[in-house]
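Dear colleague,

I am handing over a structure to you with this email, and below it you will find some notes on what turned up. Please read them with the model open beside you.

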Amino acid sequence: MVWVRKMKPFDVIRMAALRGVLLKKVWWIAAAYGLLSVIGLVLLADYGRGTAKLGIFDLVADLSGVHGATNQNMFIIFGIPIMVTVLTLIYDEHEKSLYVLKCRSRFSTWHAHVCVAIGISFLLACFVVAVSFMAGLCLVGPENTWARADGTIGQALRDRQLFQSISNHLAAYKIIWVIFISKFLGFLMIAFSTLFLKQFIKSGAVICILLLAMAGIDCVEWLPFPVFDRAASLSLIDWIRPLVTLFHGVYLLVVSLMLYAITGMIYERKDFLS
């Protein structure tokens, strides 16, 4: 007879984190792919800008909401594939029989998955923002041209009075916080979407294809409002109307919480022996 010591709730979370760290090869590959992807997106955003004064934020968060190192192209090329790959690998490691037997309850096991999802979302948001800013600094320097009338926002608006009315929202530190929070919430929703689909689909590749299809629908704007990663991408309207950004942030958080609750209930009824 094999006796298995039950772990305390904190031990479950600590073990989940350690298992994630042990996937060193996956993390190195993800980091290398991320560097190439984000730097490539910055270079693309730097190409053919036109007459507007180019600044670092044009490379980090292009006003189209699609280009730039932190918008929709980033989620499609880097964010979704890496999130699904890393999260499903860690999830499968957690679901091994010995690990499950050591846990006190399914509640503890599920919240270990939740903590890993939150941690990966935070790390990816930090990574994308940091790498895109470093690449932007090398290409165009640190100047925040969005706060200038001859910058891309001023050129796009062509309305000096309107530009002056929103200039207070275009301080560099405010832009950085908005970019980081929107990316974190976007990654968080992708993570919980992955965990939800994982309850029904074993293959990480299939999950990735489904999420990329949802991102593609958002990208071509078949619907009049964002439903997936477009809500985490920042376009000109987000800077003109900050309430739009707030609404998108609340939407991402609410969807993530709903997926967390629904998936948690499904997980509680899961048969680990099947």
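Where is the place of Arg 158? Arg 158 sits in the loop between helix H7 (152-157) and helix H8 (160-166), where helices (H or I, at least four residues) are DSSP runs numbered from the N terminus.

Before going further, please note that this is a predicted model, in which local features need pLDDT of at least 70 and side-chain atom pairs count only at pLDDT 80 or more, while totals for chains, interfaces and linings use all residues. Residues are numbered from 1 along each chain as its sequence is written, and side-chain values use heavy atoms, with hydrogens and water left out.

Backbone angles

Most residues other than glycine have a negative phi. Arg 158, although not a glycine, has a positive phi of about 55 degrees, and this residue is exposed, with a relative accessible area of 78% (buried means under 20% relative accessible area, exposed over 50%, and partly exposed in between, with a 1.4 Å probe and protein chains only). Glu 221, in the loop between helix H10 (204-219) and H11, also has a positive phi, near 60 degrees.

Salt bridges

A salt bridge is counted when a side-chain nitrogen of Lys or Arg is within 4 Å of a carboxyl oxygen of Asp or Glu, and by this rule the count comes to four. One of them joins the side chains of Lys 198 and Asp 92 at 3.2 Å, N to O. This pair links distant parts of the chain, with Lys 198 in helix H9 and Asp 92 in helix H4 (residues 72-94), 106 residues apart. Lys 198 is buried, with a relative accessible area of 10%, whereas Asp 92 counts as partly exposed at 38%.

Another salt bridge brings together Asp 218 and Arg 230 at 3.9 Å, N to O, and it links Asp 218 in helix H10 with Arg 230 in the loop between H10 and H11, 12 residues apart. Asp 218 counts as buried at 2% relative accessibility, and Arg 230 counts as buried at 15%. Salt bridges that share partners also join Glu 143, Arg 148 and Asp 150 into one network.

A pocket is found on a 1 Å grid over the protein atoms alone, as an open set of points where a 1.4 Å probe fits, with protein on both sides within 12 Å along at least five of seven lines, and its lining residues have an atom within 4 Å of a point. The second largest pocket has a volume of about 340 Å³. Of its 17 lining residues, the closest to its centre are Lys 174, Val 178, Pro 242, Thr 245 and Leu 246. Helix H9 (172-198), helix H11 (236-240) and helix H12 (242-268) each supply at least two residues of the lining.

A surface patch

Leu 243, Leu 246, Val 250, Val 254, Met 258, Ile 262 and Met 265 form a nonpolar patch on the surface, with about 680 Å² of accessible area together; such patches take residues with over 30% relative accessible area and no salt bridge, and join nonpolar side chains within 5 Å. Val 254, a residue of this patch, lies in helix H12 and counts as partly exposed at 40% relative accessibility.

Notes
Grid points are joined across faces, edges and corners, and a volume is the space filled by probe spheres set on the points. Patches are made of residues with over 30% relative accessible area and no salt bridge: like charges are joined within 9 Å, nonpolar side chains (Val, Leu, Ile, Met, Phe, Trp, Tyr) within 5 Å. Accessible areas come from the Shrake-Rupley method with a 1.4 Å probe; for residues, only the protein chains shown count as cover.
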